[in-house]
Amino acid sequence: MSRLDAFINRMSAQRDILNHVARDLGLPPEGDVLEVGLGNGRTYSHLRELFADRRVIAFDRAMNAHRSAAPHEDDFIIGEINETGQKFAGSGAALVHADIGTGYPDKDAITLSWLPQMIVDMLGSGGYAVSGLPLAHPQLGEIPRLPSVNEGRYYVYRKL
Ligand SMILES: C[S@@+](CC[C@H](N)C(=O)[O-])C[C@H]1O[C@@H](n2cnc3c(N)ncnc32)[C@H](O)[C@@H]1O
């Protein structure tokens, strides 16, 4: 598969899963939405549309979002997420979306040494984790894959 096809596949999987959480599964009644890896802000703008009644807080080591999608300064946490995310442990988030995979197994292995536990700590009970990297953690139950999402492309879990 070309890298272009793989990218399109990943983006449509991400959008389908986030729409599924919003429209079919439903968030727990309380809790913020956390966007782990703001990037250009495309997903942030989608999260704001889907979850207009929630505060959406974004994390990144740098602000590179398009002006039209940039979070208010109070809703942007700058720095290395394995450090900045610690402050959100116990915050009872309703949804954490993380798109910080690189496609390099060695780099992703380092991220996976801290990301699953950090997301579990951020989420409240019944909250959802949506991730481009698989999150192996005993407190995360995987939600069945949508027919439109290829195996191993994007993942959704509910905190038990
Ligand atoms: C693939 S992009 C996210 C794309 C985003 N969903 C969008 O709509 O544009 C990943 C982002 O995560 C950030 N990132 C990755 N790992 C990080 C880390 N450990 N700490 C802080 N930022 C990180 C990168 O700087 C990059 O902007």
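Hi everyone, let me start with a term: a residue is near a molecule if one of its heavy atoms lies within 4 Å of it. By that rule, there are 16 residues around the ligand, and Asn40, Arg42, Thr43, Asp60 and Ile81 come nearest.

A quick word on the source. This is a predicted model, where local features need pLDDT of at least 70, side-chain atom pairs count only at pLDDT 80 or more, and totals for chains, interfaces and linings use all residues. Numbering runs from 1 along each chain as its sequence is written, and side-chain values use heavy atoms, leaving out hydrogens and water.

Now, back to the ligand. Its polar contacts (pairs of N or O atoms within 3.5 Å) include one between a ligand oxygen and a polar backbone atom of Thr43, at 2.8 Å. A backbone N or O atom of Gly41 lies 3.4 Å from an oxygen atom of the ligand, and a polar backbone atom of Arg61 is 3.2 Å from a ligand nitrogen. The protein covers 79% of the 600 Å² of accessible area that the ligand has on its own (Shrake-Rupley method, 1.4 Å probe).

What about the shell around the ligand: how many residues are nonpolar, polar and charged? The shell has 4 nonpolar, 6 polar and 6 charged residues, with Asp, Glu, Lys and Arg counting as charged, Ala, Val, Leu, Ile, Met, Phe, Trp, Tyr, Cys and Pro as nonpolar, and the others, Gly among them, as polar.

How values were computed. A polar contact is a pair of N or O atoms within 3.5 Å; within protein, one must be able to donate a hydrogen and the other to accept it, and residues adjacent in sequence count only if both atoms are side-chain atoms.
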